Amino acid sequence: MTVRGVSREVAIADHGVVLTGEPDEDLVDKAAALLALHAGPGFVLPNAWDAGSARILEQVGFPAIATTSAGIAWSCGVPDGQALDRDRMLEHVARIAAAVDVPVTADLEAGYGDTAGDVGRTVARAVELGAAGGNLEDAGKGGLFGIDEAVERLAAARAAAPSGTFVLNARTDTYFAGTSGDAFAETVERAVRYLDAGADCVFVPGVVQEDTIRRLAAAIPGPLNVVAGLANLIDAPTLFSLGVRRVSLGGSLARAALSLVERAGRELLDSGTLGFLDGAMGYADLQRRFGS
């Protein structure tokens, strides 16, 4: 497979692996461009699930694109939640990164491994395949990792892709998966530790209340990422006004696309009519879009 990254040797480090040799200049530039977006008033980061959806989103005008583990899994006919192994997921990430010129940040779930070294190897491979950034979750099938373990895993990711070469988005599932204590306090504690470990941004999915989002944005000493369309339907301008810097969509675009497929199928089965084509892009239009 041809990818935009560059093959680099890896070396064993205290936290797992590090890439050696000169980084790919184009990829470093993309990482810098992606990181710079976090310093602005706020940006929307749409999530693609294949090369075609990524190219459409790039042509719409988005300055960066994320992948969605959920959308990629569904496109393969399996559920989200690491049903795809690391190699299969990263194959899809590579296709998306190779299809567009804008920075791509990869949904790396919990890092595809039980150890910090596994996480480091996952991040190193994502960089080799052209990812300018990535999300890492602090929860597995058994719930939240202990905070020290989560910090160790993030440190391994940072060691594998040094600051300035890869935008590391630390996701905490304190609201999404739940916690036995005060979710707000634990979220802030984890966010501070994650930023100290080298994260560039903190991702808190599952937050519903606007006031809670505002308090999180004020308390977390770094850019806050919130997902729209999952637990809440708060629009991006409102989220920006609350202090959010990065608004992602998770699997929402993929859900919308697959919902259209189901509605079209039902219409065809029930009546044989083609109403689902109202507003659809024409064949020639799509050919032009993908031919450029």
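User: Which residues does histidine 92 touch, not counting residues up to four places away in sequence?

Analyst: Histidine 92 touches Ile72 and Cys76. A touch here requires heavy atoms within 4.5 Å. This is a predicted model, and histidine 92 lies in its helix H4, residues 86–99.

User: Why is histidine 92 called buried?

Analyst: The relative accessible area of histidine 92 is 18%. Buried means under 20%, so histidine 92 counts as buried.

User: How confident is the predictor in the chain, in terms of mean pLDDT?

Analyst: The mean pLDDT is 93, and 92% of the residues reach 70 or more. Over residues 1–15, however, the pLDDT is below 50; this stretch has 50 contacts in the model beyond near neighbours in sequence.

User: What makes aspartate 148 and arginine 193 a salt bridge?

Analyst: The closest N and O atoms of aspartate 148 and arginine 193 are 2.9 Å apart. The cut-off is 4 Å between a side-chain nitrogen of Lys or Arg and a carboxyl oxygen of Asp or Glu, so the pair qualifies. The pair links distant parts of the chain: aspartate 148 is in helix H6 (residues 147–160) and arginine 193 in helix H7 (residues 183–196), 45 residues apart.

User: Why do aspartate 148 and arginine 193 carry their accessibility labels?

Analyst: Aspartate 148 has 52% relative accessibility, and exposed means over 50%, so aspartate 148 counts as exposed. Arginine 193 has 29%; that value falls between the cut-offs of 20% and 50%, so arginine 193 counts as partly exposed.

User: Why is strand E7 described as largely enclosed by the rest of the structure?

Analyst: Five of the five residues of E7 (residues 133–137) are buried, so the strand is largely enclosed. Both faces are covered: Gly133, Asn135 and Glu137 are buried on one side, Gly134 and Leu136 on the other.

User: What makes E6 and E7 a pair of strands?

Analyst: Strand E6 (residues 104–107) and E7 share three bridges in the parallel sense. At least two bridges are needed, so the strands pair. Alanine 106 stands opposite glycine 134 in E7.

User: How do you know that arginine 215 lies over the face of phenylalanine 184?

Analyst: Arginine 215 is at 3.9 Å from the ring centre of phenylalanine 184, and the distance cut-off is 6 Å. The criterion also requires a position within 35 degrees of the ring normal. Arginine 215 is listed as lying over the face. As for aromatic pairs, the structure holds zero.

How values were computed:
Residues are numbered from 1 along each chain as its sequence is written. This is a predicted model: local features need pLDDT of at least 70, side-chain atom pairs count only at pLDDT 80 or more; totals for chains, interfaces and linings use all residues. Side-chain values use heavy atoms; hydrogens and water are left out. pLDDT is the predictor's confidence in each residue, from 0 to 100. Rings of Phe, Tyr and Trp (its six-membered ring) pair if their centres lie within 6.5 Å; planes under 30 degrees apart count as stacked, over 60 as edge-to-face and the rest as tilted. Helices (H or I, at least four residues) and strands (E, at least two) are DSSP runs, numbered from the N terminus. Buried means under 20% relative accessible area, exposed over 50%, partly exposed in between (1.4 Å probe, protein chains only).
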